[in-house]
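Subject: Structure handover

Hi,

Here is the structure for you to look over. My notes on what turned up follow below.

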Amino acid sequence: MFSKILIANRGEIALRILRACREMGIRTVAVHSTADESAMHVRLADEAVCIGPPSARESYLNVAAILSAATITGAEAIHPGYGFLSENADFAETVEAHGLAFIGPTAEHIRTMGDKITAKTTMQALGVPLVPGSDGELACLEEAREVAAKVGYPVLIKAAAGGGGRGMKVAHSEDELAEAWSVARTEALAAFGNDAVYLEKYLDRPRHIELQIMGDMYGNVVHFGERDCSLQRRHQKLLEEAGSPVLSSEERDAIGATATAALSKMGYRNAGTLEFLYQDGQFSFIEMNTRLQVEHPVTEMVCDIDLVREQIRIASGEKLGYSQSDITFSGHAIECRINAEDPDSFIPSPGTITVFHPPGGPGVRMDSAIYAGYRVPPFYDSMIAKLIVHAPTREAAIARMQRALDEIVVEGVKTVIPLHRRILADPEFRRGDYTIHWLEQFTNRKH
Ligand code: ADP
């Protein structure tokens, strides 16, 4: 087992990793920008190294500075968290070239899944169902027309290098195709420096259901069930549930068996998430994330597992040590992402948190790095906390989340807490009756 790990991240996820390390008796090295000097992950770590100025490009994305920090502190492994360098194959490769362990999959697998076209062809070859669409990259607009006519409108033009919903455009009819084609390509080139695009049938009312996977270095792969992440605004998730309100345990077992067989054949190691659209009882793979996800706690609650601990164990060479039949699901968990944003306009609201009272009591978990007096910097993501609840049933979890949302106090910055309260009270949400389009429509309603 490692004796010291460098955490190449900030905010709640840096704390989350630090907590797992502490419980495992592993020393921690925090890295931070000058804007995060008094951040909680810096205060709680055994050692801290400043790696640059506030801009992420010069700090949390600064590979040379992070590797130097690992070298001078004698860290043996790097946990990248999510975002920043977590899905950067070159980073994973460089870390290993320096004789350190990268707590994640191989650089090769990160690269394969980082390109959504290769990801889809790889998964298809391994027997995972896809959304109907083009066979890989579209060579020209003419080809897009032919494929669209075959799969039927509406269609989606998507960037191979896409992420965060960028480089994605819908065409409802042939008239809109040329524009979707050129806008998606322009956006993709600007955001990712790669204008390769592909085409998918645009599903009109799918749910976003993803599967948590974990593999060791010896070909053993298990899944920890699904998360329903259909509540999204601008392709950004806001509230997640485990399990999905609509999935039966037979359906979970079936997609789980397909996915774990595929990843075991690939030799996939460490944590990963397969994202699917689910409509009319059909799963269609859209992409794979080769890292820990923001919403991993809901899975931890229903499976009673520490996924970060598992990641660290596996990266150090340990075997999974259990099989699929050892993994059981109990109760229901919900996570609300608390963003420092105006709850109506979603404009970020950085500033100083003057009052902070976290909720507590049975079944309540708060993953956050904020405290009273903390200044939310304007340079990074606006998510300041994740509020997670676990209860025996979905109904009880909803009641528990409402109770926790009534208890929490965050003053000084605006947050989306009022929006979460409205969602939790909504009859359609309470029935579990929603698709990926539901939240967008809900936030546009007057209230
Ligand atoms: P990104 O990597 O940019 O997040 P994804 O491929 O994961 O892109 O898609 C993000 C979201 O866009 C999905 O969660 C879903 O809400 C929507 N989406 C993606 N593909 C389709 C599709 N074929 N039909 C309908 N919605 C889609």
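Strand 11 (residues 236-242) and strand 14 run antiparallel and are joined by four bridges. Strands are DSSP runs of E, at least two residues long, helices are runs of H or I of at least four, and both are numbered from the N terminus. Two strands pair if DSSP finds at least two bridges between them. Leu239 has Cys336 of strand 14 as its bridge partner.

Two points on the source. This is a predicted model: local features need pLDDT of at least 70, side-chain atom pairs count only at pLDDT 80 or more, and totals for chains, interfaces and linings use all residues. Residues are numbered from 1 along each chain as its sequence is written.

Back to strand 14. Eight bridges join strand 14 to strand 19 (residues 383-391), and these two also run antiparallel. Asn339 has Met383 in strand 19 as its bridge partner. Eight of the eight residues of strand 14 (residues 332-339) are buried, so the strand is largely enclosed by the rest of the structure. Buried means 20 or more other C-beta atoms within 10 Å of the residue's own, exposed means 12 or fewer, partly exposed is in between, and C-beta atoms are placed from the backbone. His332, Ile334, Cys336 and Ile338 point one way from strand 14; Ala333, Glu335, Arg337 and Asn339 point the other way.

Next, the ligand. The shell around the ligand has 19 residues, and the closest are Glu200, Leu203, His208, Ile286 and Ile436. The cut-off is a C-beta atom, placed from the backbone, within 6 Å. By class, the shell has eight nonpolar, seven polar and four charged residues. Strand 6 gives the largest share, three residues. Strand 6 (155-163), strand 8 (197-201), strand 12 (270-279) and strand 13 each supply at least two. Domain 2 (132-201) and domain 3 (207-444) each give at least three; the bounds come from an automatic or database domain assignment.

Last, Leu292. Leu292 sits in the loop between strand 13 (282-289) and helix 10 (296-303). Leu292 is buried, with 27 other C-beta atoms within 10 Å. Beyond four places in sequence, Leu292 is in contact with Gly81, Tyr82, Ala271, Leu307, Val308 and Gln311. Contact means C-beta atoms, placed from the backbone, within 7 Å. Leu292 and Leu307 are 15 residues apart in sequence and 8.2 Å apart in space, C-alpha to C-alpha.

Best wishes

Technical notes
Two residues are in contact if their C-beta atoms, placed from the backbone, lie within 7 Å. Ala, Val, Leu, Ile, Met, Phe, Trp, Tyr, Cys and Pro count as nonpolar, Asp, Glu, Lys and Arg as charged, and the others, Gly among them, as polar.
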